[in-house]
Amino acid sequence: MRTPAGQLAAGRPVVGAALLPALLVALAAPAFFVLLQPWLGWVLIVAGVGLAAALERARALASSPSLTRDLSLIAAGLTIVSTMSLEAKLDDASMVRFTLVLGGAVAVPYALSRWVYRDRAIAFPWRGGGRWRPWQWGWLAAVLVLGWLILPFYFITSGVYLNWPVVDEPGLIARLFVGVGAVGIWDELFFICTVFAALRRHLADATANVLQAIVFVSFLWELGYRAWGPLLTIPFALLQAVIFLKTRSLAYVVTVHLLFDAVVFAVLVHAHNPGLLDGLFLVSP
């Protein structure tokens with residue numbers, strides 16, 4: 001079977017020689033975004049990519065596709081994101097900075113893969129599996145219902161909504177809407193189409209999924225999903241990758257994410273403006 005993002009190594013193991021270097025690179029994400037220790041992240045990246053190169057040179061790993069090259073794609077994206085704080089801000093400078101840095105974290109690995117390495121490890125299969133089936137439409141409805149039930153309780157009772165700026169006027173609310181949606185789309189472009197796609201060229205899908213979830217959840221932690229947020233973000237990250245494999249559709253996983261983020265947006269507006277949406281949610285600030 002071929003992945004939407006290129007060639008797969010033969011006999012991809014759940015645990016194998018590729019796991020340790022891949023894990024080291026994945027662990028750079030919590031170093032960058034949870035512990036806020038960039039030096040540790042860089043050490044882990046160098047160790048992971050260096051170990052992959054040593055193993056390939058010693059022929060302990062298959063040479064095609066190259067684990068060293070694929071890990072370097074993830075490392076490039078993580079390093080670019082780590083150059084800025086992920087604290088949510090809505091001023092002009094912050095929104096431009098987010099656009100340039102997050103855009104670069106997707107564009108640079110893609111460019112390296114396509115025009116430098118010429119192996120097309122990264123792709124963005126927008127429609128993939130064709131028309132959506134009944135279960136896919138049903139899951140979209142379920143996402144809205146689950147978000148409506150869970151997210152207000154999480155954001156408001158934990159107080160994590162305070163990690164996002166106050167949005168108490170139309171201009172700020174509009175900026176929040178654009179920002180939340182844009183980051184949601186970027187999540188799928190980077191964590192699924194870049195990190196997960198590169199890892200599953202060498203490791204079994206389940207292993208690659210766990211590693212991409214480490215990266216995904218670490219990013220969301222610094223973005224503001226703290227307290228008991230990982231209890232929500234870990235299953236969400238894992239499930240998005242499973243859905244992507246099943247549907248082969250970037251459009252579908254983006255739609256799922258945007259519906260979830262639409263509820264996040266509404267909850268943040270609700271939390272920062274007591275009384276405004278009290279009739280919509282079961283929990284009030």
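This is a predicted model: local features need pLDDT of at least 70, side-chain atom pairs count only at pLDDT 80 or more; totals for chains, interfaces and linings use all residues.
Residues are numbered from 1 along each chain as its sequence is written. Local features need pLDDT of at least 70, side-chain atom pairs count only at pLDDT 80 or more, and totals for chains, interfaces and linings use all residues, while side-chain values use heavy atoms, without hydrogens and water.

User: Is Leu36 buried, partly exposed or exposed?

Analyst: Leu36 lies in the loop between helix H1 (19-33) and helix H2 (38-57), helices being DSSP runs of H or I with at least four residues, numbered from the N terminus. Its phi is near 60 degrees, a positive value in a residue other than glycine. Buried means under 20% relative accessible area, exposed over 50% and partly exposed in between (1.4 Å probe, protein chains only). Because its relative accessible area is 48%, Leu36 is partly exposed.

User: What is the phi of Ala227, in the loop between H7 and H8?

Analyst: Ala227 lies between helix H7 (205-223) and helix H8 (230-247). Most residues other than glycine have a negative phi. Ala227, by contrast, has a positive phi, near 55 degrees.

User: How are H7 and H8 oriented to each other: roughly parallel, roughly antiparallel, roughly perpendicular or oblique?

Analyst: The axes, lines fitted to C-alpha atoms over the stretch in contact, with angles from 0 to 180 degrees between N-to-C directions, come within 9 Å and cross at roughly 135 degrees. Angles under 35 degrees count as roughly parallel, over 145 as roughly antiparallel, 65 to 115 as roughly perpendicular and the rest as oblique. Therefore H7 is, relative to H8, oblique.

Methods:
Helices (H or I, at least four residues) and strands (E, at least two) are DSSP runs, numbered from the N terminus.
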